Each structure stands twice: as structure tokens, then as C-alpha cells.
Amino acid sequence: MSERFFPRDDYFMRLALREAERALEHEDVPIGAVVVRGGEVVAAAHNERELRQDPSAHAEIIALREAARAAGTWRVLDAVLYVTLEPCAMCAGAIVLARVPRVVYGASDPKAGACGSVIDILGEPRLNHRPEVAAGLLAEECGALLSGFFASRR
């Protein structure tokens, strides 16, 4: 894991943050994801668990499905996944299986993070694919959006 960011990473993470805000429209946890290939957004999604009543409707899963559909293959190669919160075990597994080469996330998740906070699926040497991971981009903004959401529910 690194904190190595590139000039356009900030721009794409801000798009993911905008996507996360859309989840608030249907009272879902505000997490957003954007898949970028060749400098172009090929998929964008936000959590839709409440909207769909589907436990697998995480932003990352929806974005990966959309990116795969756009590419015409299940392999999401030559792409970067930007997500506002550290992926959970389910999403990290999907990232590995989709062969995503790079993941950039904002806030860490000390309760369910699977990129090093609780477990490290993306760095597991026994798996056949290990994407590069850059953590902490716009972490304060990503975390504040989540904190505000949960504070309003208490």
C-alpha cells in the first residue's frame, strides 16, 4: 500500500465523492466509486443497498459490473478504481477477481476494511492478483461525509 497519488487522482476522487452524495437521496450510506480507463470515466456508482434491498449493492460492485459491461469482458484491465471508503472483503474480492490493476481510496475503515485496516485481501500474496493500492486521498472529506450521515441517524 502506498500514498503515491498522481495529478488526476484528486479529480477522479472528487467525482467519487459526488457519486457518494447521490446515495443520500435514498438514505443509503454515502460511498461512491468511479472506474477510469485511459483517463475517461467508464463507470460510476454509489451504494444502493437500501434502494435495491440487496446486500451486494455496494458502490464498488455496481461500478465494476458497469465497467465490465462497457468493456465487454469481466476483466477490468488498464483501469483505476476510485472509492471513497476502503473496500470491504466482498468488494476487495471482486476487485481481485476483476483484475483491477490500481485502487485509490479515501477514508480507511477500521471496522470492515479489507485493504489493510482489518484484513488485507488486496495484498494477500497467495492470491493470483494484487492491485497497487493508494490510500488516504481526500480522506478527511470522505470521512466527514460518512460521519455526518451516521451522526444524523443517531
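Here is a short tour of a predicted model, stop by stop. Residues count from 1 along each chain as its sequence is written, and side-chain values use heavy atoms, leaving out hydrogens and water. Local features need pLDDT of at least 70, side-chain atom pairs count only at pLDDT 80 or more, and totals for chains, interfaces and linings use all residues.

**Stop one: two helices.** Select H1 (residues 9-23) and H5 (residues 139-153), whose axes come within 11 Å and cross at roughly 5°. That makes H1 roughly parallel to H5 (angles under 35 degrees). Helices here are DSSP runs of H or I, at least four residues, and strands are runs of E, at least two. Axes are lines fitted to C-alpha atoms over the stretch in contact, with angles from 0 to 180 degrees between N-to-C directions. Now show Met13, Arg14, Leu17, Ala20 and Glu21 in H1: they meet Glu141, Cys142 and Leu145 in H5 (contact means heavy atoms within 4.5 Å).

**Stop two: Asn47.** Go to the loop between strand S2 (40-46) and helix H2 (49-52), where Asn47 lies. Asn47 is buried at 3% relative accessible area (under 20%, 1.4 Å probe, protein chains only). Its side chain reaches the backbone oxygen of Val29 at 3.4 Å and the backbone nitrogen of Ala59 at 2.8 Å.

**Stop three: rings.** Select Tyr11, Phe12 and Tyr82, which form one aromatic cluster (ring centres within 6.5 Å; planes under 30 degrees apart are stacked, over 60 edge-to-face, the rest tilted). Phe12 is buried, at 3% relative accessibility, and Tyr82 is buried at 3% too.

Note on methods. Angles under 35 degrees count as roughly parallel, over 145 as roughly antiparallel, 65 to 115 as roughly perpendicular and the rest as oblique. Buried means under 20% relative accessible area, exposed over 50%, partly exposed in between (1.4 Å probe, protein chains only). A polar contact is a pair of N or O atoms within 3.5 Å; within protein, one must be able to donate a hydrogen and the other to accept it, and residues adjacent in sequence count only if both atoms are side-chain atoms. Rings of Phe, Tyr and Trp (its six-membered ring) pair if their centres lie within 6.5 Å; planes under 30 degrees apart count as stacked, over 60 as edge-to-face and the rest as tilted.
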